[in-house]
Amino acid sequence: MDVQLQKIFDSNYKGKTLYNHFCELYYQMQENKYYKAQSLSDFEDLSNFIKENRFYHLPLKTADQVNNLQDQIFPWQEYCKQQMQLMQIKAKVINATVQNFLKLNALLNNVGYGFTDEDAYLIQQSLKSIAIRDSNIINIRFWGKLFAQNRDYYVIEVQLSKSYKEPQPIDCDEKLNEYVHYVTQDLLEDWALLPQVTRKQMEASRFITYVFSGNLNKEITQYPIFNGKEKHLLKAQILRITHANLLAPRGLYRFDDETKLITFEDEFKMPESAELSTMDGWVHLPPNILKQGRITFYEDPSLKEEELNQMKEADPELERLKSIKDDKPFEQNEGNWNIKIFGETQQYTNQEEQPLSYQIVQLRNYLWPGAITVSNSNDFISIYFGYGNKNQQNSFNPLAPNDIQEEPEDIDEIPEPNPREQPDELEPDSDDERRREQERREAELQQQQE
Amino acid sequence: MNISFNDLKFVHQIGQTLNLEERMRLQLAILKIQEHYVFDEVLFWGRVEGVEKDYYIALGIQYKGQYEFPLKKFFWSSNNYHFAELPKYNEEFAQRAETLREPFTGQHEHIVFRTDEEINFEDSLEIPAQLPAKNFSELERLSYIVQSIEFQCASIPIGSYRLTPTHELIKTKFKGVTAELKNYQHFRQPIRKDKQDLIARDEALYRPDFLDSLVDDTPYNQWSVQTDSTKRNITIRNLIWPGYLGYNNDYTFGYAYFGDGIKNSDFEFLL
C-alpha cells in the first residue's frame with residue numbers, strides 16, 4: 001500500500017510530480033490574490049487551472065527522434081478522396097434516362113421513408129457514374145437497399161439496349177434477365193455487376209427464406225439446394241421483388257400485342273390524385289414470373305404432353321399491364337396493397353376550375369414488406385427497403401425432404417442343402433453304364449478341345 | 001432518441017424517417033407530457049406502423065432518486081399526437097401476442113384475442129373479487145410489444161453511463177467507441193448473475209461495462225453492427241425485431257424503433 005502511494009506521489013505529469021503539484025496548489029490557495037480560493041469547491045477548479053495553464057518546459061527531442069519522425073497518416077484520407085471523386089463526376093451528355101433521385105428522395109422523406117439528402121446526392125452521382133461507364137444503358141434507376149447481416153447492399157437497376165449474351169442453359173428465359181443490377185456495400189466504393197440467373201435458381205429461390213450475410217461469394221447452404229452463391233440468390237430475390245412491385249400509373253405505358261413490346265403512350269396525362277389514391281390508378285409494369293422461373297412457359301421436350309398441360313395450368317401466364325386491384329389479396333385485407341395519403345390533403349381548384357392537389361400517395365405491398373411506391377401529381381417512384389423476404393403469415397415450415405425409399409421385399413429364404421450325412425458315392429449300376437459314362441466324358445473333352 | 005431529432009440521419013440507414021409534420025407535432029406533444037409528469041428526460045422511442053394509422057411511442061426516464069436503474073415510463077399516441085400512458089397488459093395472453101404476425105390495424109380498441117370467460121353470478125354463492133378479464137385489445141398488444149422490444153433490444157454503448165456511489169445512473173462524457181459488438185450493453189436492469197454481482201460488490205462504479213453485454217445474447221447472430229462510409233457513424237440493428245436501431249457516433253448515442261411491431265420468430269432458420 002505504501003509502495004503504491006509512493007509511486008503515485010512520484011508520478012510525473014508534464015515534468016512535475018504530484019508532490020510538487022500539491023505544494024503549488026497550497027501556495028496558490030494562500031497567496032494568490034487574483035484567484036480568491038475560499039472553499040472546497042474552488043479546490044478542484046484551482047487544481048485544474050494549474051494543471052492546464054502552467055508553463056512546462058519540455059526537453060528537446062533527441063536527434064534520433066527527430067530523424068525518425070513518422071509522417072502522421074491522416075485517418076480520413078481515403079474517405080475524403082473517394083467522396084471528392086464521386087462528387088466531381090460530370091459528363092457532357094449522357095444518353096440515358098437517369099432517374100432524378102435527389103428530387104424523388106424528398107418525396108420519399110415526406111412519407112417517412114428514404115435517405116438523408118447527403119446520401120441521396122451520393123446516390124445520384126453514382127447513377128451518373130454508371131450511366132457514363134456504359135453507353136448501352138437506356139434506363140437507370142435506384143432500386144433500393146437490401147439489409148444484410150454484416151453489410152447492407154445498395155442496388156441500382158439498369159435496362160440495356162443490347163444485353164450481354166452470357167451462355168445459359170437452354171431452359172432459361174432471356175427476357176428474365178432483361179433488368180441488370182449493380183450492387184455496392186458502400187456508396188463511395190465501386191459498383192459490382194450481379195450475374196445472370198438461371199431458371200433452376202429462380203425456381204429454387206421461391207422456397208428459400210434467407211437473411212443475406214453481406215458477402216457476395218458466400219455459399220448458400222439451404223434446403224432445397226440452391227446452386228449458386230449469395231450473389232445469385234441476391235439477383236433472384238431482386239428480380240422477384242422487381243417483377244412483383246414495380247408499378248406505373250395507368251395510361252403511361254402501352255402493351256403492343258403483336259410486337260410484345262411496352263412503349264410509352266402517345267398522349268399521357270398523369271391521372272387525377274383521386275384515381276392515383278385508389279388501386280385503379282396503378283398497373284404492374286414488368287411481366288409476372290412463373291413458378292417455373294421464367295416469363296414464358298418452357299415446354300420441356302422430354303416431358304409428355306399431359307404432364308406439360310398440367311404444369312401449364314398450374315402456372316398460367318398473366319397479361320401485361322395488369323391492374324394491381326387484381327392481385328391476390330393478402331389475408332383479410334382487400335387486395336395486396338395498403339394505400340395511405342400524406343401531405344397536404346386540402347383540395348384546391350385553380351383558375352380554370354381544374355382540381356389541384358398537393359397530396360402524396362404511398363402504396364405499400366403487404367406480401368413484400370418494404371416495397372413502396374410513392375407518387376404526387378407530377379412524379380412517382382418505386383423503391384425497396386428491407387431484408388428481401390416475403391411476409392410469411394405462417395411459421396416457417398422447412399420443405400420436407402423426399403420420401404425415403406423403402407427397401408424391396410425380401411425374397412423367401414431357403415436354407416442351403418446341407419444334409420447331415422455325406423451322401424454315399426454313387427456306384428454306377430452296371431458295366432454298360434460305366435462304359436457310357438466314360439464315352440460321354442471323352443466326347444465332352446473332345447468338344448472342349450475344339 | 002432526443003426530440004431535437006438531430007439523430008434522424010441514423011434512422012435513414014434503415015430507410016425510415018419522420019416527415020416534417022410528424023416531427024413538429026411530436027416535439028409539441030412530447031413537451032406536453034412534461035406538463036403532468038416529472039421526468040429527467042423525455043425521449044421519442046419510436047413509431048409502430050399500422051394498416052390505417054400509426055402509433056407513436058415516447059419514453060420518460062427518471063434517473064435521480066432511483067436505486068440501481070432509472071425508472072422508465074412509456075406513453076403512446078395515435079395520429080392525434082396526444083400522448084397517454086401505456087397501460088399494463090394482461091399477462092396470460094401476452095405470450096401469445098409475441099408470435100402474432102398480423103399487422104397492427106391502428107385502431108387501438110381492436111380486439112386481438114377474445115377472453116371467453118363468463119361468470120354466472122346467480123349460481124355462485126360468492127361474488128369474485130375481480131371482474132373477468134377484458135378482451136385482449138390491440139393497445140395491450142402494443143404495450144407488450146413495446147416493453148418486449150425495450151427489454152430485449154434497447155442498447156447503449158459502454159462508457160455512456162456511470163453508476164454513482166449511491167447507485168444512481170448518470171450520463172458521462174461520451175467519447176465514442178469502435179464498431180464492435182462487445183462495445184454495447186443492454187439498457188435494462190442486469191439479469192446476468194455476473195453483472196448483478198459486480199453491482200453488489202460496488203465494482204461497477206469503476207467499470208464502464210456494468211450492464212448486460214450484447215455479446216451474451218442468444219442466438220448470437222441476431223445483432224448486426226454496421227458503419228457508414230465515414231466509419232464513425234455506427235448503427236446496430238437487431239434481426240429478431242427488424243426495425244430496431246441503436247446508433248452512436250463520437251458525440252451522441254441513442255436508439256429507436258421504426259417498424260411494424262412484428263417479431264421475426266423464424267430467425268433461427270434464416271441464416
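Three salt bridges link chain A and chain B across their interface, where a salt bridge is a side-chain nitrogen of Lys or Arg within 4 Å of a carboxyl oxygen of Asp or Glu. One of them pairs Arg237(B) with Asp152(A), whose closest N and O atoms are 2.4 Å apart. This is a predicted model, with local features needing pLDDT of at least 70 and side-chain atom pairs pLDDT 80 or more, while totals for chains, interfaces and linings use all residues. Residues are numbered from 1 along each chain as its sequence is written, chains are lettered from A in the order in which they are written, and side-chain values use heavy atoms, leaving out hydrogens and water.

**Polar contacts and the chain A side**
- Between chain A and chain B, 20 residue pairs are in polar contact, both residues at pLDDT 80 or more (a pair of N or O atoms within 3.5 Å, one able to donate a hydrogen and the other to accept it; residues adjacent in sequence count only if both atoms are side-chain atoms).
- On the side of chain A that touches chain B, helix H6 (101-110) and strand S12 (337-349) each supply at least two residues (helices are DSSP runs of H or I with at least four residues, strands runs of E with at least two).
- S12(A) gives the largest share of that side, three residues.

**Extent of the interface**
- Contact, meaning heavy atoms within 4.5 Å, joins 38 residues of chain A to 32 residues of chain B.
- About 3000 Å² is buried between the two chains, 47% of it from carbon and sulfur atoms (accessible area, 1.4 Å probe, lost on being put together and summed over both parts).
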